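Visitor: I would like to learn how to read a structure like this one, feature by feature. Please show me where to begin.

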Amino acid sequence: MESLLIGCFPSLVEGQAFEPLLRLCGITWIPRMNNPHRNKKMRFEVKGKILSIAVLLILLMSVGCSTPKDVAYFQDVSQTVLPVEKSRPIRIEPSNRLSIIVKSKDPELSNLYNLPVSSNRLGEAAGQYSSDGMSVYTVDAEGKIDFPVLGDLKVEGMTRGELASFIKGELIGKGLVKDPVVTVELLDASFSVMGEVNRPGRFPIDKDRLNILEALSIAGDLTIQGRRENIIVAREEADGVHTYRLDLTNMNELLSSPAYYVKQGDVVYVEPNDVRKRQTTVNGNNLLSWSFWVSVASLLTSIAVLIVK
């Protein structure tokens with residue numbers, strides 16, 4: 001149904017300013033200046049239905065208030081036991097710094113296999129052996145360390161437990177120590193988390209098996225602006241840097257990824273969602289904000305009241 005409705009704008013300039021918005025809503029504004037006694041007042045003709053404008057506003061507001069579907073983790077979980085990628089324990093690499101402590105019932109004997117450590121305690125001489133100190137070894141480019149008495153040991157590719165068992169076996173096998181207890185720690189094994197997490201940064205790896213969920217928890221979990229379905233893991237391998245994309249909303253896919261277990265040196269990047277990206281531009285989220293559509297609704301309501309009158 002079409003009808004001719006009469007209204008007015010204070011001036012031609014203001015009428016022209018509203019014309020694009022009126023066109024968007026199906027309203028055609030036609031200025032009429034053939035009456036000199038109206039003193040710059042404009043008449044306009046309206047084509048369309050006010051009801052359609054109201055429906056459009058309701059649809060736009062309902063979209064803005066809808067619940068995002070990509071915030072919850074593990075949306076595909078429907079069973080209690082899920083297969084997981086074979087665990088990949090942290091292994092020793094060149095340039096790693098290792099703490100290796102040998103202890104036995106005879107402290108003087110075990111100290112022969114511990115490097116002297118500097119002590120800052122008052123009354124202790126520098127270089128004195130300390131029961132709670134750390135003997136630090138740096139793995140060279142060939143993957144070796146120079147261990148007291150035993151000499152060069154090839155340690156690259158071993159786990160902490162494997163290296164401890166190897167040194168213990170060497171000490172017992174050569175009759176050097178009868179009851180050694182060997183402790184090995186990686187001092188500089190770490191991973192980094194960047195992007196939309198609460199505590200980005202570089203974190204130490206304090207266990208042999210660390211998965212991506214634990215790594216993100218250490219970084220304070222994702223912010224609400226982080227994309228759960230697009231976590232990027234960059235991993236340096238012998239042939240170059242490999243990248244993996246992880247989807248935290250898909251548990252089955254996540255558990256089968258080679259990047260489920262974190263390796264030392266991994267860089268985890270959480271991409272921001274579209275809302276967060278738009279915040280980097282001036283007024284980037286205005287079209288999606290509630291206040292914007294409230295203003296539009298208020299303007300259109302005023303126009304509708306003006307038309308009815």
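Visitor: Which residues have the most contacts inside the largest nonpolar core?

Guide: A nonpolar core is a set of buried Ala, Val, Leu, Ile, Met, Phe, Trp, Tyr and Cys residues joined through side-chain atoms within 4.5 Å. Buried means under 20% relative accessible area, exposed over 50%, and partly exposed in between, with a 1.4 Å probe and protein chains only. Here the largest core has 49 residues, and those with the most contacts inside it are L98, I100, F147, L163, I167, I212 and L216. Helix α4 gives the most to this core, with four residues.

Visitor: What should I know about the model before going on?

Guide: This is a predicted model, in which local features need pLDDT of at least 70 and side-chain atom pairs count only at pLDDT 80 or more, while totals for chains, interfaces and linings use all residues. Residues are numbered from 1 along each chain as its sequence is written, and side-chain values use heavy atoms, with hydrogens and water left out.

Visitor: How many helices and strands are there in the chain?

Guide: Helices (H or I, at least four residues) and strands (E, at least two) are DSSP runs, numbered from the N terminus. The chain has eight helices and ten strands. Of its 309 residues, 35% are buried.

Visitor: Which residues is I100 in contact with, leaving aside its neighbours within four places in sequence?

Guide: Contact means heavy atoms within 4.5 Å. With those neighbours left aside, the contacts of I100 include F147, L163, I167, V182 and V184. Across the chain, among contacts between residues at least 6 apart in sequence, 61% join residues at least 24 apart.

Visitor: Why is strand β1 described as largely enclosed by the rest of the structure?

Guide: Strand β1 covers residues 97-103, and five of its seven residues are buried, so the rest of the structure largely encloses it.

Visitor: Which strands form the open sheet with β1, and in what order?

Guide: Strands of a sheet pair through backbone hydrogen bonds, either parallel or antiparallel. Two strands count as paired if DSSP finds at least two bridges between them. In this case the order is β2-β1-β5, with antiparallel pairing. Because β2 and β5 stand at the edges with a single partner strand each, one side of each is left without a neighbour in the sheet. Neighbouring strands of this sheet are turned by 30° against each other on average, direction ignored.

Visitor: How many bridges join β1 to β2?

Guide: Three bridges join β1 to β2 (residues 136-138), and R97 has T138 as its bridge partner in β2. Between β1 and β5 (residues 181-186) there are six bridges, and I100 is partnered by V184 in β5.

Visitor: Which strands does helix α4 lie across?

Guide: Axes are lines fitted to C-alpha atoms, for helices over the stretch in contact, and angles run from 0 to 180 degrees between N-to-C directions. Helix α4 (residues 160-173) lies across β1 and β5, at about 150° to β5.

Visitor: Is S257 buried or exposed?

Guide: S257 has 9% relative accessibility, so S257 counts as buried. It is found in the loop between α6 (251-255) and β10 (267-272). Leaving aside neighbours within four places in sequence, S257 is in contact with E85 and L246.

Visitor: Where does G195 lie?

Guide: G195 lies in strand β6 (residues 190-195) and, at 36% relative accessibility, counts as partly exposed. The C-alpha atoms of G195 and V270 are separated by 4.8 Å, although these residues are 75 residues apart along the chain.
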